[in-house]
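Student: Could we go through this structure together, one topic at a time?
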Amino acid sequence: MMQQEDFLRQAEAMAKDFVWDFYQKRKSIWQIMEQMDEKCFSWIGVGPGEYLRSYDEALHYFAEQRYAGAVPLIEISEEHYDAQLVTNQVCIVLCEYLLTVRPETGNVMQERQRSTITIRRAHGGKLLACQVHTSNPWYPMKGDERWPEQFGRQTYTYFLELLSELELKEMPHLSSQQRKVLVLMMHGKTYQEIAASLNITYRTVQYHVRMIFN
């Protein structure tokens, strides 16, 4: 029982390191791929080209992506990693985390990503990832895009927060949602449009307006 618990804890730690190494670029793609199973590996991602059926396909694709600088540096927060045993030697790690791209990178993006990583314990106890499946909520990419050009709702919310910080620094007493409402009003949006943009009710917009100007 203790061996299984150790296996699951090690798999969760490996999954977390992989996420940080990949998105924070702490290691080269070559170093990251050393943790993958060369004989049996696949990767399914969000992009049109991210249906990778072998170790060699994945290595080539991500090495080329890294060399081209197609993906900016991405911050990771609000992480959760949960390993589930499949057999005594195989487990699946469920991963969820918030990905944030800061404006200084030349991009603005914030989305919650969910992934599963299948990890097996090889001879000698070494852990190897044999399957990665990411569920990116990036706005659907088109053609041969390797980075989304359009916003999803989470990114739009993040963009509003950044805009609020820039335009409303002199009003620190306002809540985050009140700042967003005021920014949208400053840009000529109606109450109905604000409600739709923030996914709140018309009455909630009215309440925030009263709080802002009282």
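Predicted model: local features only at pLDDT ≥ 70, side-chain atom pairs only at ≥ 80, totals over all residues.

Student: Strands, then. How do β3 and β4 pair?
Tutor: Strand β3, residues 75-87, and strand β4, residues 90-101, pair in the antiparallel sense over 10 bridges. A hairpin joins β3 to β4 through 2 residues. Y81 stands opposite C95 in β4.

Student: And which bridge partner does E96 have in β5?
Tutor: The bridge partner of E96 in β5 is R114. Strand β5 covers residues 109-121, and its pairing with β4 is antiparallel over 12 bridges.

Student: What is V93 in contact with, leaving aside its neighbours within four places in sequence?
Tutor: The contacts of V93, with those neighbours left aside, include A11, A15, Y81, A83, I117 and I119.

Student: Now charges. How many salt bridges are there?
Tutor: The count comes to 7 salt bridges. D17, D21, R26 and K27 are linked in a network of them.

Student: Is D21 buried or exposed?
Tutor: D21 lies in helix α1. D21 counts as buried because its relative accessibility is 2%, and buried means under 20%.

Student: What about the salt bridges of D21 with R26 and K27: what are the N to O distances?
Tutor: The distance is 2.9 Å for R26 and D21, and 3.6 Å for D21 and K27. R26 is partly exposed, at 48% relative accessible area. K27 is partly exposed as well, at 34%.

Student: Which residue forms a salt bridge with E78?
Tutor: E78 forms one with R112, the closest N and O atoms being 2.7 Å apart. E78 lies in strand β3 and R112 in strand β5, so this pair ties together parts that are 34 residues apart in sequence. E78 is partly exposed at 47% relative accessible area, and R112 is partly exposed at 24%.

Technical notes
Residues numbered from 1 in each chain as written. Heavy atoms only, no water. Pairing = 2+ DSSP bridges. Helix = DSSP H or I, 4+ residues; strand = E, 2+ residues; numbered from the N terminus. Contact = heavy atoms within 4.5 Å. Buried < 20%, exposed > 50% of the residue type's maximum accessible area, 1.4 Å probe, protein only. Salt bridge = Lys/Arg side-chain N within 4 Å of Asp/Glu carboxyl O.
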